[in-house]
Amino acid sequence: MRPEQEFIRKKLDEELGDLHFLKSAEVLERTHPRSWRAKLRAIWNYELELPLIPISASLAVLLAILFVVPFKGDVYKGERRGDSPHADRQLVEAGGNTYWKDDYEKAVEDVEIKDQS
Amino acid sequence: MRLKIKVKHLFAIAVALCASVLFLQAFVMPRIEIAMAKKHFEQGTPDGKEELIRVLDASSGNDKWALIRDYMIENGSDLSLIRFDVIAGDGTYQSSTTTSFPNAPRWTGEEKIKYLEAYIEGGPIDGYYVRAAKQLAYEYVTRSRTEDAVRVLERTEQKLPGHVEDQGRELKLARARIYADAGQLDAAERLLTELSGTPQPRNTYLNGNIAALQARITAQRQESASSVSGAVTRSDGTPMAGIGVYLRSSRDVYHSLIESEPYQTLTDSEGKFAFKGVAPGSYALYIGLNFEQIDGWTLPASHDEEWIDLRGGEHLTRNMTLQRLIQLRSPVDQQVITGKTVTFEWEPVEGAAYYTLNGTFPIENGTVGHTIKDHIRSHSIELPIETLYSVVSGYSYKKFGDKQIPDPSNLLGYADPSSRFSWSVEARDADGKLLTRSDGYRLNEQTMGPLPFFYLKEHTLTEPDRLLLEGRTDEALQEYKANYERNGQDSHSLRMIVKLLEISAFIDKRPLDAASLPYLVKLANTDPTGNALPSLISYYGSIGEWAQADRYYGMLNEARQGKVESYPQAQYGRLLLKQGRVREGEEQLRQAQANDPSNRFIGDYIASVIYLSAALDKAEELALLYPERSYYDSSNPDWSKLVRGLKEESEDSNDKTYFDALKEALLVCFSEDKKRIEDWMSEAKFPAMKAFISAVSDVD
């Protein structure tokens, strides 16, 4: 040890003489965990580095699937029936018969299209 | 881009996600499921009902009650028995205007019983609770489970809080009605006594219903009470359970069915119904159905043809069979016809002796109907287009400027090439009883069939036709006359001249004038349908040229092949009476009476019978057999009572002089001479005779 080093060391010892480092064991426990508790804590606090884009994309897909599946049947049925809600369906009397107004209008339209072609 | 995250934070996020998924599953998804099920049910998607049942079974508490309330109780039939989509009877069909979810599937009785029982067990006690009880009782009644029905109503009544007394009273009345229907009159009367013990001056509606039921029970107890029973089935024999059946008085049929009408019931599981204790009177049977039940079917009843006349102590059976609608074949789907004939063809009906072909002209908000041809023996007929042009039809009024005039299109009838016409057929058996018809409810793809419309474009509009369509009636008439002058073969102009002359006479309320006569004579002699003859007969009748009236009646009889409609026949009968040819007149009136189910000519007929034979017993029997019905609030004469009056009066006085006086009075009455009748009336000595003569003089 060179004399300057010796001097600095002494100075440090003097200045830090009042401070006592007591948690060395704990620090060691953290950096090199031995007990299962310590190991668990290490995993608990382990910092992951995740690629943001692929993760958010796959999450979005998952959410989309989750929400669409229950409604899929509905979309399918709606398409097959091809009609709108009929809560306000009306009757119409035409040519002595009573029809649902929308059915009747469609039938007349069909007949007229057929006539034109 | 990379994200730095600690495992514990990642874990926290995962936990939060799971929690929200669980939350969704537990609280949000069921809501969505309920909403979807509701939507599917309302739209009538194929498994909408199963879906709603699944949701119903899975839910509990208020959700469950709300579902039962909105989708079962709200649209269900209460015990009031009139909540059906269609009320059919006497040839009329009345559709209810309010159906919240017309496409929603129907609940079966079993389903309703299951959920309504649950509702009664645990549902909230409010207005719907009372309705649920009534509907459950209704389901029990249709299954002949009278005791269960009464029990549920009674328990509901006990559960109701004190301040809804009216609802409690309604339930008690419903219970009394069920007892009365089941013939347990003592039990019914006990309840009615309880009800009248605490009168409620506010609720006149309920009080009215209580009084009506009380009156019915009193009638039911009388020995003279009649009963009407029967069954409602489809033509293939399937019984129709839970159908509303209403025995409606002729005084009630002019308005729509109301709850206070006394004879209302439901068919049981075999389609059977019974009304006990029916008061004497004229009745028509009506039924209440849902749209799917009437769709493609018809109740074959013609207006005025199915009257039930009860005089007391009778026990009648009347079955009602729904028949499939006839399918039309041609012309349909707006076919355009340009030829000189039209061939109408339809599906044959088993057991049909003949068919009646009817048509309609379009008007602004509907159609006007008419008969094109009656007594057609085959299921198709080729008609010359002239037959269609000669059709006699009513007309609507149309506004031209500030004037209302008869719709020119209706006047042109089948000669208006822009009009869309429709047609229908009725099938009748050899006795003239309606078997089925082609017009009715066609509410789905299978039952809709082809559209019954066609166009006739054989006739091109002439100049006067155009004037007529523009509302320039007087100019049109002049032009038609000019056309006819130029061409004596112009049958279209001739027809239009006669139509316009008749209408102007009708509007001015005067008989046809002599200047119109040549046109009418010409038309009557050239038109093979005979449709112009009735006006000519009444014209000659009105001026007393009997020989001409006879001649044209003979022509009408020929054109109709011996089957003259009852109205012109009765009118001719009266013309004969007027001439003093009472025996011939009686024969015509007898035939007209036989063909007219409304019995409106019975007074004239009875008068002619009395004149000829003085047989008051026979006259009374006829009057009882064919009562003239009272419609609306008008009271038509009770002929049996009037004849009874004559009988009593004749017994009190010298027979010979009484009948001489009666015969003389009848001759005065037949003359239709107002002055002579008034003079006779002022000097009449016998009050019953005076009443009878007065009634006969008023016969239409």
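Which elements cover the buried residues of helix 15 of chain B? They include strand 20 (403-406), helix 14 (463-469) and helix 16 (491-507), which belong to chain B as well. The model is predicted.

**Helix 15 of chain B**

- Helix 15 comprises residues 473-486 of chain B, and its end C-alpha atoms lie 20 Å apart.
- This distance agrees with expectation, because 14 residues at 1.5 Å a residue should span 20 Å.
- The buried residues of the helix are B:Thr473, B:Ala476, B:Leu477, B:Glu479, B:Tyr480 and B:Tyr484.

**Three-stranded sheet in chain B**

- Three strands of chain B form an open sheet in the order 13-15-18, and their pairing is antiparallel.
- Strand 13 (328-330) and strand 18 (380-384) of chain B each have a single partner strand and stand at the edges, so one side of each is left without a neighbour in the sheet.
- On average, neighbouring strands of this sheet are turned by 25° against each other, direction ignored.
- Two bridges join strand 13 of chain B to strand 15 (residues 341-346) of chain B in the antiparallel sense.
- B:Ser330 has B:Glu345, in strand 15 of chain B, as its bridge partner.

**Contact between chains A and B**

- Chain B contributes 32 residues to the contact, and chain A contributes 31 residues.
- On the side of chain B that touches chain A, the elements giving two or more residues are strand 1 (2-6), helix 1 (7-43) and strand 21 (421-428) of chain B.
- Helix 1 of chain B gives the most to this side, with six residues.
- Classified by residue type, the side of chain B that touches chain A has 14 nonpolar, ten polar and eight charged residues.
- Strand pairing also links the two chains: strand 1 (residues 47-51) of chain A and strand 1 of chain B pair in the antiparallel sense over five bridges.
- Within this pairing, A:Leu48 has B:Ile5, in strand 1 of chain B, as its bridge partner.

Definitions and conventions. Residues are numbered from 1 along each chain as its sequence is written. Chains are lettered from A and ligands numbered from 1 in the order in which they are written. This is a predicted model: local features need pLDDT of at least 70, side-chain atom pairs count only at pLDDT 80 or more; totals for chains, interfaces and linings use all residues. Two strands pair if DSSP finds at least two bridges between them. Helices (H or I, at least four residues) and strands (E, at least two) are DSSP runs, numbered from the N terminus. Axes are lines fitted to C-alpha atoms, for helices over the stretch in contact, and angles run from 0 to 180 degrees between N-to-C directions. The expected span of a helix is 1.5 Å times one less than its number of residues. A residue is buried if 20 or more other C-beta atoms lie within 10 Å of its own, exposed if 12 or fewer, and partly exposed in between; C-beta atoms are placed from the backbone. Two residues are in contact if their C-beta atoms, placed from the backbone, lie within 7 Å. Ala, Val, Leu, Ile, Met, Phe, Trp, Tyr, Cys and Pro count as nonpolar, Asp, Glu, Lys and Arg as charged, and the others, Gly among them, as polar.
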